[in-house]
Amino acid sequence: MALTTLKERVQARAAAVADAEDIRHDRADEGEEIPAGHGHDVERFRADIEAALPKHVSVDLFLASLRPVLPKLRKCTPASVLQAVITAARFGLVPDGQQAVITADDGIATFLATYEGYVELMYRSGLVKSVVANLVYEGDEYEFVPTARVGEDFVHKPNVLTSKKDLKPLFAYAFAWLEGGARSNVAIVTLEEAEEIRDEHSRAYQRAEANGQKNSLWHTRFDRMHLKTAIRRLAKLVPKSAELRALIAVEQAAEDGTPQILTAIDPETAALEGEARRAARAAEASQDVPASRLPVKKRGRAKPRARRRDRNKRR
């Protein structure tokens, strides 16, 4: 099939580039500047990027958001740049810093979704109606009673008159309203938990600390990464689509130092699952429609019958 061929073709191209230049995925040669991902290179893969993108995402918009990022990936291996770009396209997340980012992680281009990207995939699944996520700071009013009924179990009243610039968040939270009116449990990540996850599981943070650059996303976007951690925890509490499951696996591949494209969902699978979900919802909705009444045949006004007794009397 065409989309399966795309997957095989992209993997073959990435492998060919890696073999030709003897590139390792765990670390690129230090000090070697590889001009990967110039504008003409991106145009060369336009057809593959367009085929990988969902129909609702414009390839021109995607490429326009990608071009400003490419100069930052000059020292990354061409194979990793190609894989990161195609992986982002597969999920239909534009690498504009809002839905997703492509970072240079020790000479390897790495695709990462932002917390908005996770929320976008939750909405796109058709299983989640709305997502609420925020940070709670000192001075805010909040109450969390897990045993209380929905709507009263968690309350957050931010102090909008206080500047949050110099305040550290106490915790991040996220919950979702699902189709049908149900609400998920509340996912909470304290500041201490976020720092522990950062210190123990983020290789990018560890390397940035070791080399003194302090340029990882945990350094530059701590609040957003804290929120993303809560959203990822929420992803375990809501119905997951194939895209959401694949996104979690792709980010784990980045932590493990393995090619992300191998775990990225292909557009055909996402489209088939979407059709199956829509068909299931349509089938459930059809059962809620009251059965229509059978048409009733209208009769004309009956004519009175002549009485035989009257006729006999007249005779």
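# Exercises on a predicted model

Asp106 is partly exposed, with 23% of its relative accessible area (buried is under 20%, exposed is over 50%, and partly exposed lies in between, with a 1.4 Å probe and protein chains only). The model is predicted, so local features need pLDDT of at least 70 and side-chain atom pairs pLDDT 80 or more, while totals for chains, interfaces and linings use all residues. Residues are numbered from 1 along each chain as its sequence is written, and side-chain values use heavy atoms, without hydrogens and water.

**Exercise 1. A salt-bridge network**

Task: Find the partners of Glu43 in salt bridges and name the network that contains Glu43.

Solution. 
- Step 1. Apply the criterion: a side-chain nitrogen of Lys or Arg lies within 4 Å of a carboxyl oxygen of Asp or Glu. The structure holds 15 salt bridges.
- Step 2. Glu43 pairs with Arg46, the closest N and O atoms being 3.0 Å apart. Arg46 is partly exposed at 25% relative accessible area, and Glu43 is partly exposed at 34%.
- Step 3. Glu43 also meets Arg67 in a salt bridge, at 2.4 Å from N to O. Glu43 lies in helix α2 (residues 39–44) and Arg67 in the loop between α4 (59–66) and α5 (78–91), so this pair ties together parts that are 24 residues apart in sequence. The relative accessibility of Arg67 is 36%, which counts as partly exposed.
- Step 4. A network of salt bridges links Glu43, Arg46, Asp60 and Arg67.

**Exercise 2. A salt bridge between two helices**

Task: Which elements does the salt bridge between Glu243 and Arg124 link, and is Glu243 buried or exposed?

Solution. 
- Step 1. The closest N and O atoms of Glu243 and Arg124 are 3.5 Å apart.
- Step 2. Glu243 belongs to helix α11 (residues 242–256) and Arg124 to helix α6 (residues 115–124); the pair links distant parts of the chain, 119 residues apart.
- Step 3. Glu243 has a relative accessible area of 9% and is buried.

**Exercise 3. The second largest cavity**

Task: Describe the second largest cavity by volume, lining and residue class.

Solution. 
- Step 1. On a 1 Å grid over the protein atoms alone, a cavity is a set of points where a 1.4 Å probe fits but cannot get out, and lining residues have an atom within 4 Å of a point. Grid points are joined across faces, edges and corners, and a volume is the space filled by probe spheres set on the points.
- Step 2. The count comes to two cavities of 30 Å³ or more. The volume of the second largest cavity is about 90 Å³.
- Step 3. Its lining consists of Val101, Leu112, Ala113, Thr114, Tyr115, Leu217, Arg221, Arg224, Met225 and Lys228.
- Step 4. At least two of the lining residues come from each of β2 (108–113) and α10 (222–235). The largest share, three residues, is from α10.
- Step 5. Sort by class: Ala, Val, Leu, Ile, Met, Phe, Trp, Tyr, Cys and Pro count as nonpolar, Asp, Glu, Lys and Arg as charged, and the others, Gly among them, as polar. The lining of the second largest cavity has six nonpolar, one polar and three charged residues.

**Exercise 4. Contacts across the sequence**

Task: How far apart are Val160 and Asp140, and Glu195 and Phe222, in sequence and in space?

Solution. 
- Step 1. Val160 is in the loop between β5 (154–157) and β6 (169–178). At 71% relative accessibility, Val160 counts as exposed.
- Step 2. Val160 and Asp140 are 20 residues apart in sequence, and their C-alpha atoms are 8.5 Å apart.
- Step 3. Glu195 lies in helix α7 (residues 191–201) and is partly exposed, with a relative accessible area of 25%.
- Step 4. Glu195 and Phe222 are 27 residues apart in sequence and 9.4 Å apart from C-alpha to C-alpha.

Note on methods
On a 1 Å grid over the protein atoms alone, a cavity is a set of points where a 1.4 Å probe fits but cannot get out, and a pocket is an open set with protein on both sides within 12 Å along at least five of seven lines; lining residues have an atom within 4 Å of a point. Helices (H or I, at least four residues) and strands (E, at least two) are DSSP runs, numbered from the N terminus.
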